[in-house]
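Trainee: Could you walk me through how to read a few features of a model like this one?
Mentor: Gladly. Let us look at it together.

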Amino acid sequence: MSIYRRASRLFLWVLVGGLSATVSAQSKGAKIISAADMKPYLTFLGSKEFRGRSAPSVELDIASKYIAVEAARIGLKPLLPNGSYFQDVPVEVTTMSTTRSYLRVTGPAGELKLSFPQAFTSSVRVAGDWSASGGLVFVGTTLNSPDPKWDEATGSDLRGKVAVILEAQPPSVAAGGAPAQANTAARTRLLREEGAVGTISIISREREGGLAKRGLSFDVAERLRFLDVDTVNPAPRLPAAQPAAPAQAAAAPPPGPFYTAEVRHEAGAAILGVSREELGRLFDAVLQNQSVPSKVLTGKTVEIAVCFDQRTVTTPNVVAYLPGSDPVLKDEYVVIGSHHDHNPPREGRIFPGSDDNASGCVALFAIAKAMMVERPKRSVIFVWHTAEERGLVGAYYFVQHSPVPPETITANLNLDMITRNDTNSIYLIGSTKLSSELDKSFRDMNGAAVKLTLDYKYDDPAEPNRFFFRSDQYPYMRYGIPGVWIFCGTTPDYHQESDVEEKADYAKMERVTRLTYLVAMDVGNKPGLLKLDVHSEITTRGAHNMKVVWQQPIRTSAPR
Ligand SMILES: [Zn+2]
């Protein structure tokens, strides 16, 4: 046996032995990460009783409180002033006013006053105040469609009038491929061009049925403006799909706002002066491709006011930390993050957000518990970010108001959706983009202990789903902090009522959580901060990197 071969064997022995020794030392903590421990947490936080944990909401505040209490119980410390676990993110909320908005119909039979949100709402749910008044014309199926069959003239002058329509689409139009929303938008545009000052739409049977069945009012939609946070030059929002252009070029509508008031069926029947059964027959007729004639509602006038209120509230990032074991390196940090918000209910449909992202939130508990057994030299900050679904707001806010200098954060590990799809595989997004050491740590720890398939399909910012830009690691990366999104991919349940805990793959969750723990330990124990050795423009950490423009996404094909 040659010296060379012996030497290389010795080298291999040191390399493999050294690596497995590191991992086995770390696995004291990794061992206690278990599906059995995580399941009760996910069952609770991923439940529909939190009504989607939208930011801001009382339910998200309750979830935040629970997370903070649990973080303290596990042994994590507060990091914010006055011993607080909450970093309050201010947000200005605009909603349609329940006290000042109304719809009043006056006629021979007296006065009918509808209130929001019980009986009416507005198609423009968050914008500037608007009012309109005038006589009423029911336009039947007129203007329902570009199909000539329905294109009879109303025979009525719509100038200065409020037009009443049914939110119903004849099958002949639906078969033409125009989505119902585009159809409604096209109809109201035509009504406006004919001189109408507003529209009242009697909502579809499906919506009426959904609200009635659940005993609900219309949603009080919100427009949010997050204060004191800079998301300048983030990935541009893609334009919403535009309704198909009308067949003939339309004349420019008159200036000024034009809203559609949406009304429940009882109110709609009263406005038309018909019974609920007669209203039902009108819907039947439209849905059977039959003509419904227009009608001037003689003697009736309507007054509509849609007004908006503003208030400023806060929604919390939950922040907790574990001091590092090294007297010097404890002043540097690994940030492990997840977002705890999801999406608000829509007309009674609740989106539990179990995978997205109660799953990541729960993984943080498991990692924190493992670190109570064995902690790294650097300190570890756990952040449950708010308002991710509103544009990564909580993560931007955290890096911009960080309780520690961002320059001392070695990495951000972002867990967002980890319980679905291929049980043996996980996507890594961003790990190759700022520091080769971060990705190497994943490959080393995974190869030595966890042995998942690491899938880089979505790592490229130009990948059509543009996932690179779509979760909380991105604001950290914009500050030059190496970041990674640990992600299981979407499913048909993404952002739906069916994103429930029962569908969680706990075996996968356990392995992904263990891998993240091992990487956090490895990164937290390295002699220095992760080297910024990949991106030519990003060589130091800090706010100055916000000006760097990442490769822009081209389009999205992801479900909303
Ligand atoms: Zn998410």
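**Reading rings, a helix pair and a buried histidine**

Mentor: Tyr 66 has a relative accessibility of 25%, so this residue counts as partly exposed. Keep in mind that the model is predicted.

Trainee: What does Phe 44 count as, buried, partly exposed or exposed?

Mentor: The class follows from relative accessible area, with buried meaning under 20% and exposed over 50%. Phe 44 comes out at 38%, so it is partly exposed.

Trainee: How do I read the ring geometry of Phe 44 and Tyr 66?

Mentor: Look at the distance between centres and the angle between planes; over 60 degrees counts as edge-to-face. Here the centres are 4.9 Å apart and the planes meet at 65 degrees, so the pair of Phe 44 and Tyr 66 is edge-to-face.

Trainee: Which residues do ring pairs link into a cluster?

Mentor: Phe 44 and Tyr 66 belong to it, together with Tyr 41, Phe 50, Phe 365, Phe 382 and Trp 384.

Trainee: And what about Tyr 427 and Phe 487, how are their planes arranged?

Mentor: That aromatic pair is tilted, with 45 degrees between the planes and 6.1 Å from centre to centre. Tyr 427 belongs to strand S16 (residues 425–429) and Phe 487 to strand S18 (residues 483–487), so the pair ties together parts 60 residues apart in sequence. Both Tyr 427 and Phe 487 are buried.

Trainee: How do helices H9 and H13 pack?

Mentor: For helices, read the angle and the axis distance. H9 (residues 354–373) and H13 (residues 506–525) pack at about 55 degrees, and their axes are 10 Å apart. That angle makes H9 oblique to H13, and the crossing is right-handed. Residues in the contact include Ala 363, Ala 366 and Ile 367 of H9 and Thr 513, Tyr 517 and Ala 520 of H13. By class, the contact has 10 nonpolar, three polar and no charged residues.

Trainee: Where does His 342 lie, and is it buried or exposed?

Mentor: His 342 is in the loop between strand S13 (333–339) and H9. Its relative accessibility is 0%, so His 342 counts as buried.

Trainee: Which residues does His 342 touch, leaving out those up to four places away in sequence?

Mentor: Among them are Gly 52, Arg 53, Asp 356, Glu 389 and His 495. Gly 52 shows how sequence and space can part ways: His 342 and Gly 52 are 290 residues apart in sequence, yet 5.4 Å apart from C-alpha to C-alpha.

How values were computed: Residues are numbered from 1 along each chain as its sequence is written. This is a predicted model: local features need pLDDT of at least 70, side-chain atom pairs count only at pLDDT 80 or more; totals for chains, interfaces and linings use all residues. Side-chain values use heavy atoms; hydrogens and water are left out. Axes are lines fitted to C-alpha atoms, for helices over the stretch in contact, and angles run from 0 to 180 degrees between N-to-C directions. Helices (H or I, at least four residues) and strands (E, at least two) are DSSP runs, numbered from the N terminus. Angles under 35 degrees count as roughly parallel, over 145 as roughly antiparallel, 65 to 115 as roughly perpendicular and the rest as oblique. A crossing is left-handed if the near helix is turned anticlockwise from the far one by less than a right angle, and right-handed if clockwise. Contact means heavy atoms within 4.5 Å. Ala, Val, Leu, Ile, Met, Phe, Trp, Tyr, Cys and Pro count as nonpolar, Asp, Glu, Lys and Arg as charged, and the others, Gly among them, as polar. Rings of Phe, Tyr and Trp (its six-membered ring) pair if their centres lie within 6.5 Å; planes under 30 degrees apart count as stacked, over 60 as edge-to-face and the rest as tilted. Buried means under 20% relative accessible area, exposed over 50%, partly exposed in between (1.4 Å probe, protein chains only).
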